[in-house]
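Please keep the sequence and the model in view while reading.

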Amino acid sequence: AEIEKDSNLMHIIHITAEMAPIAKVGGLGDVVTGLARACLSRGHTVDIMLPFYECIQKQEISDLALITTYNSYHDGNWVATNAYHGVVSSIPVIFIEPSNQFFKGKNVYGGSYNELEAYLFFSRACLEWMQVTGVQPDIIHVHEWQIGALPLLYWDMYQSLSLKKPRIVLTIHNMEHYGECRQEQLSKCGLDGSIYASVEKAIDDRTIGHNPERLSLLKGGIVYSNAVVTVSPTYLKETLCSGWLASVLITHRDKYFGILNGIDTVIWNPATDAFLPAKFHAQKPEGKKICKYYIQKGLGLKSEGTVPLVVCITRLVAQKGLHLITHTIKRAEELGGQMILLGNSPVHWVQKDFEDLANLHNKGTSTRILLMYSEELSHMLYAAADIVLVPSIYEPCGLAQMIGMRYGAVPVVRKTGGLADTVFDMDDPSNHEKANGFVFEGIDEGSLNWALDRAFRHFIGSKFCLH
Ligand code: ADP
């Protein structure tokens, strides 16, 4: 379909720690790519600025070329820095590569350099690049705590140099990550950290009275941005009602907006998805059966009969409802179904617990626990799934449920944050037109059973489109 162009066309530069698919850890990467593409298709000029992580696969970038060599400040020194231009999934990207050890390592996060200092450096290096090249976008759109110091640097430093035009938007994807930063660490990017140690500016409200040293880059970013966005209307309400950022968000309520994320419908399209053994779409759903059969066969699950297949793809962290995920592994089997979990944990003991579970369950023919990160497998699993499970304790927006729905799976979710804005219960009479899944409220196993059992009954009762 032809996409309508906006009338007020702008130049927007996103500045971010993640971008799908080349530097993605979770939803942040997906959303930055999807939002950039959506704005490009409406006629805006869009660039993404990203650290040139060593782990980025260069063959995934087209037209990569060095465009600027310059110096950017860090901790009393000027660091030689290269800016490259390239195109990723049809989106223009500017890669910032310092000549020090920052952003080196096998993964996006967790390298042996100081992460906080690396992102402080990156935030300044992006502005410095604009200063050096004279590029002045209308909007600088920063994401998460990693880029939280940029609004401070912009208004308190670069405005008195030559950057005048841009206005700053901050999107908060997850308030749990607040960018804890000591005053002297902030000073390393060239600001005077002590200036920000007040309640009105960047002091970490959780430690007021006993630790004036501790700042929050996320809070500073909220105070210093022209607009602040979070990723769903319900999460906006939740963050105004509780949590230590509530008071600063209430103070800045007039510039704080809750806008529901969407998914990138080019990357996530079962009709064209190159990772799938068979393509499908709502009017021609037969390919989905092949995808399910392919996965069952490939992973050694029973493939005879029509057994409901539950899929859960997630970072394995407390936020995601770990006890409910492990409970579903048992419950799906009890109900005669199958379950595949694709997940990875940054926490050693969590990973270990799930490894034990994998050893216990992976021998049978109904459960597979796959402890890895795989973009390719994630596409195949969404395509194979009858039910996609998202039992989060809290969830700013959540993409898995939306991707699942686009791939013809029925979501079973906990009613929180963006899940409450995107999934509406089949058996709730007030949801007549919007009904698209199964929703539960409690954080106990019984609540989950109530939703999962109903999803299974609908499946068995042939209510799902394919059966
Ligand atoms: P969050 O941003 O908190 O991780 P979201 O639901 O917003 O949660 O986004 C998660 C994204 O990361 C989805 O695209 C999901 O498919 C993907 N993802 C999570 N874990 C894995 C994994 N182990 N392998 C592949 N993709 C994953």
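How many residue pairs are in polar contact between domain 1 and domain 2? The count is seven residue pairs, both residues of each being at pLDDT 80 or more, where a polar contact is a pair of N or O atoms within 3.5 Å; within protein, one must be able to donate a hydrogen and the other to accept it, and residues adjacent in sequence count only if both atoms are side-chain atoms.

## Basis of the model

The model is predicted, with local features requiring pLDDT of at least 70 and side-chain atom pairs counted only at pLDDT 80 or more, whereas totals for chains, interfaces and linings use all residues. Residues are numbered from 1 along each chain as its sequence is written, and side-chain values use heavy atoms, with hydrogens and water left out.

## Domains and their interface

The domain assignment, which is automatic or from a database, gives domain 1 as 11-258 and domain 2 as 286-460. Their C-alpha centres lie 32 Å apart, and 14 residues of domain 1 are in contact with 13 residues of domain 2, contact meaning heavy atoms within 4.5 Å. Between them the two domains bury about 1100 Å², 54% of it on carbon and sulfur atoms; buried area is the accessible area (1.4 Å probe) that two parts lose on being put together, summed over both.

One salt bridge is counted between the domains, a salt bridge being a side-chain nitrogen of Lys or Arg within 4 Å of a carboxyl oxygen of Asp or Glu. The side chains of Lys-24 and Glu-375 meet in a salt bridge, at 3.5 Å from N to O.

## Ligand surroundings

The ligand is surrounded by 19 residues, and the closest are Gly-27, Asp-30, Arg-315, Lys-320 and Tyr-382, a residue being near when one of its heavy atoms lies within 4 Å. An oxygen atom of the ligand is 2.6 Å from a polar backbone atom of Gly-27, while a polar side-chain atom of Lys-24 lies 3.0 Å from an oxygen atom of the ligand. A nitrogen atom of the ligand is 2.9 Å from a polar backbone atom of Met-372.

## Backbone exceptions

Most residues other than glycine have a negative phi, and most peptide bonds are trans. The peptide bond from Ala-20 to Pro-21, however, is cis, with omega near -5 degrees, and Pro-21 lies in the loop between strand 1 (11-15) and helix 1. Asp-63, although not a glycine, has a positive phi of about 55 degrees, and this residue lies in strand 3 (residues 62-74).

Note on methods
Helix = DSSP H or I, 4+ residues; strand = E, 2+ residues; numbered from the N terminus.
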